[in-house]
Amino acid sequence: MHLVNKTFDELRIGQTESLRRLVTADDLYVFANVSGNYNPMHLPRHDGDGDGAVESVAPGMYIASLISAVLGTCLPGPGTLYRRQTLEFFDRVHAGEEIICTVTVTAKDEDGIVTLSTDITRADTGGLVLRGEAQVHAPVVKFDQDNVDVPRLVVERHRHFEALLEKAKPLPPLATAVVCPEEVKSLGGALLAAQESIITPILIGNPAKIKAAADELNEDISAFEIIEADHHSAGSIACKLVHDGKAAAVMKGHLHTDDLLRPMLDKQNGLRVGRRFTHVFVMDVPGMRHPVMVTDAAINIAPDLDTKVDIVQNAIDLAISIGSEEPLAAVLSAVETINPSIPSSIDAALLSKMAERGQITGGKVDGPLAMDNAVDIGAARTKGLSGDVAGHANILVVPNLDTGNMLAKQLAFISHAEGAGLVLGAKVPVILNSRSDSKMSRLASCAVAALHDARLNGLKAGEVK
């Protein structure tokens with residue numbers, strides 16, 4: 001940032017400067033954290049006055065603080081210090097609205113005090129939001145510098161999952177066989193998705209344990225069907241519900257993943273439809289412009305090339321379902337050049353060529369790419385990499401399960417991402433939650449499954465399958 005000030009001697013009556021600012025939800029969260037003002041009226045997605053509507057009103061003092069942004073960076077600029085400020089509010093500003101803050105020099109005193117009028121108006125209508133007057137100590141030393149910068153802030157808000165939930169809510173609830181929801185977290189995630197009208201759960205397992213978990217949650221589950229089963233038979237019952245057309249998705253409860261998937265792989269009564277079962281994490285990473293998909297991190301331990309073809313294709317299909325117009329899949333390796341001593345680099349090159357020849361469809365595939373130049377355009381340019389994928393990937397195809405699992409957990413526990421887990425390649429989406437998943441992760445997994453099912457079945461909001 002290049003900053004230049006106007007010293008006291010350079011200031012003239014009538015000089016004016018303006019700053020145009022879009023007020024965002026992140027601004028409101030940052031201000032709440034910095035100021036300690038947690039009034040729900042000012043917090044996005046909260047109903048602060050109990051009228052059933054979300055207010056998202058920008059705090060008055062946040063709006064007023066934009067005056068100091070003009071005074072401190074433009075007019076008079078660097079070196080300016082406040083002496084006095086009056087404020088009169090005429091209207092409220094909400095997240096998503098744009099405003100213009102204008103300051104104008106109205107007087108200069110011999111003691112170095114400068115008086116300025118301060119107005120904030122709406123960018124669209126010109127309506128007055130705030131009016132006041134500022135008195136400042138104007139700078140007396142000239143300031144003219146480049147590279148004035150401050151540390152970057154990342155708000156730990158999962159906006160991509162919030163958007164997916166909004167897209168999923170208008171869809172018909174997805175009938176979902178929930179396998180062994182016999183403890184609080186596994187049952188709670190299903191009930192939360194039901195409350196949001198994303199799924200209609202069919203609860204399969206030990207009725208006494210399911211009801212005990214519901215009691216602990218203080219939830220009434222009398223409206224939901226409960227099918228008695230033990231851990232060995234519950235998965236098979238879920239498969240039968242799918243074959244009978246009673247369930248359009250399966251959700252993992254409190255049981256081991258192997259016990260859930262084993263009956264689905266049965267050649268006669270399972271849910272295989274051609275491709276291999278593959279796992280995808282849809283990760284909402286704070287600061288990223290789009291969701292990031294990591295695959296395969298839970299099922300295929302050391303996939304061969306044929307399996308990797310299905311891993312990539314399944315991920316591309318899911319990316320389209322959640323709104324990616326052109327999925328960009330980076331096949332990861334330790335290097336971005338083909339090295340015969342590194343098998344993952346050879347597989348990556350082959351997958352890239354297969355996509356180029358139409359053996360993988362629906363998106364663009366490039367590899368080998370290292371993690372940095374897959375997601376960061378600066379790193380890609382430094383290495384001289386071109387093409388649509390390098391620096392812009394929204395699908396990260398890992399060499400093996402170890403790599404994928406570690407990458408996903410690093411994103412979750414170091415970068416504070418939330419992850420939605422899904423198994424693809426079956427007749428219906430399989431929601432694969434972890435015991436450590438948060439409520440948002442469980443809810444987002446259901447939303448991703450609902451969106452994928454809707455696209456595969458050509459459904460739109462309000463339609464019934």
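**Exercise 1.** Which strands does helix H8 (residues 305-321) lie across, and at what angle does it run to E12?

*Solution.* The model is predicted. Start with the strands. H8 lies across E12 (278-284), E13 (292-295), E14, E15, E16 and E17 (418-424). Then take the angle. H8 runs at about 45° to E12.

**Exercise 2.** Find the order of the strands in the open sheet, and name its edges.

*Solution.* Step one: the order. The open sheet has 11 strands, with mixed pairing. Their order is E10-E9-E8-E11-E18-E17-E12-E13-E16-E14-E15. Step two: the edges. E10 (226-228) and E15 each have a single partner strand, so one side of each has no neighbour in the sheet.

**Exercise 3.** Work out how strand E14 (residues 328-332) is paired.

*Solution.* Take E15 (residues 364-369) to begin with. E14 pairs with E15 in the parallel sense, over four bridges. Within this pair, Ala329 stands opposite Val365. Now take E16 (residues 395-397). E14 and E16 also run parallel, joined by three bridges. Here Val331 has Val397 as its bridge partner. E14, helix H9 (residues 343-356) and E15 form a right-handed β-α-β unit.

**Exercise 4.** Why is E14 described as largely enclosed by the rest of the structure?

*Solution.* Recall the rule for strands. In a regular strand, side chains alternate between the two faces of the sheet. Now check each face. Leu328, Ala330 and Leu332 lie on one side, and all are buried. Then count. Five of the five residues of E14 are buried, so the strand is largely enclosed.

**Exercise 5.** Describe the pairing of E8 (residues 174-179) with E9 (residues 199-205).

*Solution.* The pairing is parallel, over six bridges. For one partner, look at Val178: its bridge partner in E9 is Leu203.

**Exercise 6.** Sort the two sides of helix H5 (residues 207-217) into buried and exposed.

*Solution.* Buried residues come to start with: Ile210, Ala213 and Ala214. Seen down the axis of H5, the buried residues fall within an arc of 100°, so they line one face. They pack against helix H4 (184-195), E9 and E10.

**Exercise 7.** How many residues of helix H13 (residues 439-456) are buried, and what follows the helix?

*Solution.* Begin with length. H13 has 18 residues and reaches 26 Å from its first C-alpha to its last, close to the 26 Å expected. Next, burial. Of the 18 residues, 14 are buried, so H13 is largely enclosed by the rest of the structure. Finally, step past the helix. Just after H13, Gly458 takes a positive phi of about 65°.

Key: Residues are numbered from 1 along each chain as its sequence is written. This is a predicted model: local features need pLDDT of at least 70, side-chain atom pairs count only at pLDDT 80 or more; totals for chains, interfaces and linings use all residues. Side-chain values use heavy atoms; hydrogens and water are left out. The expected span of a helix is 1.5 Å times one less than its number of residues. Buried means under 20% relative accessible area, exposed over 50%, partly exposed in between (1.4 Å probe, protein chains only). Two strands pair if DSSP finds at least two bridges between them. A crossover is right-handed if, with the strands pointing away from the viewer, the path from the first strand over the helix to the second runs clockwise. Contact means heavy atoms within 4.5 Å. Axes are lines fitted to C-alpha atoms, for helices over the stretch in contact, and angles run from 0 to 180 degrees between N-to-C directions. The arc is that of the directions from the helix axis to the C-beta atoms.
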